[in-house]
Amino acid sequence: MGPQNVAFGIIAAAMVLAALRVVTTRNVVHAALYLVVVLAGVAGIYVLLAAEFVAWAQVLVYIGAILVLLLFGIMLTRAPLRPSTELDNDQRWAAAVVALGVLGLFVGLLVDAFGDEQFEPETATSAGDVGEWIFSVFVIPFEVVSMLLLAALIGAVVIARRDD
Amino acid sequence: MYVNQYLILAAALFSIGVYGVLARRHAVLVLMSVELMLNAVNINLVAFSSAIQDVSGQVFALFVITIAAAEVGVGLAIVLLIYRNMASPNLDRVHEMKG
């Protein structure tokens, strides 16, 4: 077992535990803070997969921006800052059955499809490689995505604005 | 490294996200669970990109990150509107369309 596998095990265990706390904790702010652990773990997984630029984008966009937005959402909806039993609805058991079913289905399919196939992460892909791909092969999707981001920005302002 | 160790980790994160979306009542917590699911998809994309040595998977992951940012922006605007109209961020209070 190489050092990469040890790192993977530690990161994966921390991520799964933190993700479970995100969906079960009784405190809204704690859920957001556990989400930081999951998102940082995902960035660590990207580093293990030698995807350097995606890892940085993950840290900047998710931990830097999206999480702050979620905390603003918590603040603006005046969520209870102390533990509350009001956060879950009463279909928790049905939800757990569905989630376990999805997990079982996926794991069965994946073991069937990939078995013990192995790979070695290539040498790190630099931001330059990714940029070359974005601006040559994927240049039209890139433009579409920037239009979508602009539309979402304007849409969010229009939806949340008070008409008075 | 096994391909499956990444794929099964992503499957676990995805199912946890499914549970969160179904079981949570507070709208911001539902959005957080959606983020968990999007991250699971991204792990898959980057793992396949690394396994078949093709950068396009990473480009797709970047697109998904962008879409997630747009989704959270619009989603929070909708949550704020629900809070303003219902005086509560709980999604099971939103049943105006139920016959």
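This passage describes how two chains meet in a predicted model and then looks at a few single residues.

The model scores ipTM 0.90 and pTM 0.91. Chain B averages a pLDDT of 90. In that chain, 99% of the residues score at least 70. Where pLDDT is low, predicted coordinates should not be read in detail.

The contact between the chains takes 75 residues from chain A and 61 residues from chain B. On the side of chain A that touches chain B, six helices each supply at least two residues: H1 (3-24), H2 (28-48), H3, H4, H5 (127-136) and H6 (139-160). H4(A) gives the largest share of that side, 12 residues. By class, the residues on this side of chain A divide into 58 nonpolar, 10 polar and 7 charged.

Two packed helices are described by the angle between their axes and the distance between the axes.

The crossing of H4(A) past H1(B) is right-handed. From H4(A), the residues in contact include A:Arg92, A:Ala95, A:Val102, A:Phe106, A:Leu110 and A:Phe114. From H1(B), they include B:Val3, B:Asn4, B:Leu7, B:Ala11, B:Ser15, B:Tyr19 and B:Leu22. By class, the contact of H4(A) with H1(B) has 21 nonpolar, 2 polar and 1 charged residues.

The second pair is H6(A) and H3(B). These helices pack at an angle of about 10 degrees, with their axes 9 Å apart. Angles under 35 degrees count as roughly parallel, so H6(A) is roughly parallel to H3(B). H6(A) contributes residues including A:Pro141, A:Val145, A:Leu149, A:Gly155 and A:Ile159. Among those from H3(B) are B:Phe63, B:Thr66, B:Gly73, B:Val74, B:Ile78 and B:Leu81. This contact of H6(A) with H3(B) has 16 nonpolar, 3 polar and no charged residues.

On the chain A side, the contact includes A:Val28, A:Leu35, A:Leu39, A:Val42 and A:Tyr46. On the chain B side, it includes B:Leu29, B:Met32, B:Glu35, B:Asn39, B:Asn42 and B:Ile43. By class, the contact of H2(A) with H2(B) has 15 nonpolar, 2 polar and 1 charged residues.

A:Tyr62 lies in helix H3 (residues 52-76) of chain A. Around A:Tyr62, 25 other C-beta atoms lie within 10 Å. The cut-off for a buried residue is 20 or more, so A:Tyr62 is buried. Leaving aside residues up to four places away in sequence, A:Tyr62 touches A:Leu39 and A:Leu67. A:Tyr62 and A:Ala40 are 22 residues apart in sequence, with their C-alpha atoms 8.9 Å apart in space.

A:Val137 lies in the loop between H5 and H6 of chain A. A:Val137 has 13 other C-beta atoms within 10 Å and is partly exposed. A:Val137 and A:Arg162 are 25 residues apart along the chain, and their C-alpha atoms are separated by 42 Å.

Two residues of chain B have backbone angles worth noting. Most residues other than glycine have a negative phi. B:Gln53 is not a glycine, yet has a positive phi of about 55 degrees. B:Gln53 is found in the loop between helix H2 (27-51) and helix H3 (56-86) of chain B. B:Gln53 counts as partly exposed, with 13 C-beta neighbours inside 10 Å. B:Ala87, also a residue other than glycine, has a positive phi near 60 degrees. B:Ala87 is found in the segment after H3 of chain B. The cut-off for an exposed residue is 12 or fewer neighbours. B:Ala87 has 9 C-beta neighbours inside 10 Å, so B:Ala87 counts as exposed.

Conventions. Residues are numbered from 1 along each chain as its sequence is written. Chains are lettered from A and ligands numbered from 1 in the order in which they are written. This is a predicted model: local features need pLDDT of at least 70, side-chain atom pairs count only at pLDDT 80 or more; totals for chains, interfaces and linings use all residues. pLDDT is the predictor's confidence in each residue, from 0 to 100. Helices (H or I, at least four residues) and strands (E, at least two) are DSSP runs, numbered from the N terminus. Two residues are in contact if their C-beta atoms, placed from the backbone, lie within 7 Å. A crossing is left-handed if the near helix is turned anticlockwise from the far one by less than a right angle, and right-handed if clockwise. Ala, Val, Leu, Ile, Met, Phe, Trp, Tyr, Cys and Pro count as nonpolar, Asp, Glu, Lys and Arg as charged, and the others, Gly among them, as polar. Axes are lines fitted to C-alpha atoms, for helices over the stretch in contact, and angles run from 0 to 180 degrees between N-to-C directions. Angles under 35 degrees count as roughly parallel, over 145 as roughly antiparallel, 65 to 115 as roughly perpendicular and the rest as oblique.
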